[in-house]
Amino acid sequence: MAEVLVLRHENAVLRRHAGRVRYEPADRAWFAALARIVSRGRWSEVFPVTPATLLAWHRRLAARKYDTSGQRKPGRPPTVPGIARLVVRLAKENPLWGHRRIHGELTKLGIAVASSTVWEILHAAGIDPAPRRSGPTWRQFLHAQAAGSLPSISCTWTLSC
């Protein structure tokens, strides 16, 4: 019992000579845990802060526990800026590539991004889609190949004759 009185007196002397004490969150948690053990009537004798301060710390702690403002917002997260810069760079360095070709190149690099996302990035950057090719379509090309190289075989295996 005498040891406790010595420690209390030492604390009183230190409080008189020290400036304002700033408690860290760990100190506040320690005081809050001890407050459950000590009866409320003795709080003012034991703790270096008022009972109102202890209760305020507890209220803030409880409010922080149920605060959801820092959680992720609903919806798809935005595209990483580095990927957007890479898409724009690929489009500028290769003006004949469309969004599907750029998507394929990104996939080869191991970057998982949707083709529609690539299109949206290009559209937001003001980059027009790849120009239309003036050559024949695949259908026209295949018909020309079938007609030119194998005229004696029936056309049952082609798309339409």
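User: Let's start with Glu 105: buried or exposed?
Analyst: Glu 105 is buried in this predicted model, because its relative accessible area is 18%, and the cut-off for buried is under 20%.

User: Okay, and which side chains does Glu 105 meet in salt bridges?
Analyst: One is Arg 101, whose side chain meets that of Glu 105 at 3.2 Å, N to O. Lys 108 also forms a salt bridge with Glu 105, at 3.4 Å, N to O.

User: Nice. Where do Arg 101 and Glu 105 lie?
Analyst: Both lie in helix α6, 4 residues apart, which is about one turn of the helix.

User: How far along α6 are Glu 105 and Lys 108 separated?
Analyst: By about one helical turn, because Glu 105 and Lys 108 are 3 residues apart in helix α6. The salt bridges share partners, joining Arg 101, Glu 105 and Lys 108 into one network.

User: What about the accessibility of Arg 101 and Lys 108?
Analyst: Arg 101 counts as partly exposed, at 43% relative accessibility. Lys 108 has a relative accessible area of 66%, so Lys 108 is exposed. Glu 105, the partner of both in the network, is buried.

User: How many salt bridges does a search of the whole structure find?
Analyst: The search finds 3.

User: Which helix holds Glu 93 and Arg 89?
Analyst: That's helix α5, residues 81-93. Glu 93 and Arg 89 are 4 residues apart there, so about one helical turn separates them.

User: Switching to packing: what angle do α6 and α7 make?
Analyst: Helix α6 (residues 99-108) packs against helix α7 (residues 115-124) at an angle of about 120°, and their axes are 9 Å apart. The angle makes α6 oblique to α7.

User: Why oblique rather than roughly perpendicular?
Analyst: Because roughly perpendicular covers 65 to 115 degrees, and the angle here is about 120°.

User: Is that crossing left-handed or right-handed?
Analyst: The crossing of α6 and α7 is right-handed.

User: And how do α2 and α4 cross?
Analyst: Their axes come within 10 Å and cross at roughly 110°, with helix α2 spanning residues 25-37. That makes α2 roughly perpendicular to α4. The crossing of α2 and α4 is left-handed.

User: Where does Pro 51 lie?
Analyst: Pro 51 lies in helix α4, which covers residues 51-65. Its relative accessible area is 29%, so Pro 51 is partly exposed.

User: What separates the C-alpha atoms of Pro 51 and Ala 35?
Analyst: A distance of 9.2 Å, with the two residues 16 apart along the chain.

User: Last topic, the surface. Which residues form a nonpolar patch?
Analyst: Trp 138, Phe 141 and Leu 142 form a nonpolar patch on the surface. Together they have about 370 Å² of accessible area.

User: What about Phe 141 in particular, where does it lie and how accessible is it?
Analyst: Phe 141 lies in helix α8, residues 138-149. With 36% relative accessibility, Phe 141 counts as partly exposed.

Definitions and conventions
Residues are numbered from 1 along each chain as its sequence is written. This is a predicted model: local features need pLDDT of at least 70, side-chain atom pairs count only at pLDDT 80 or more; totals for chains, interfaces and linings use all residues. Side-chain values use heavy atoms; hydrogens and water are left out. Patches are made of residues with over 30% relative accessible area and no salt bridge: like charges are joined within 9 Å, nonpolar side chains (Val, Leu, Ile, Met, Phe, Trp, Tyr) within 5 Å. Accessible areas come from the Shrake-Rupley method with a 1.4 Å probe; for residues, only the protein chains shown count as cover. A salt bridge is a side-chain nitrogen of Lys or Arg within 4 Å of a carboxyl oxygen of Asp or Glu. Helices (H or I, at least four residues) and strands (E, at least two) are DSSP runs, numbered from the N terminus. Buried means under 20% relative accessible area, exposed over 50%, partly exposed in between (1.4 Å probe, protein chains only). Axes are lines fitted to C-alpha atoms, for helices over the stretch in contact, and angles run from 0 to 180 degrees between N-to-C directions. Angles under 35 degrees count as roughly parallel, over 145 as roughly antiparallel, 65 to 115 as roughly perpendicular and the rest as oblique. A crossing is left-handed if the near helix is turned anticlockwise from the far one by less than a right angle, and right-handed if clockwise.
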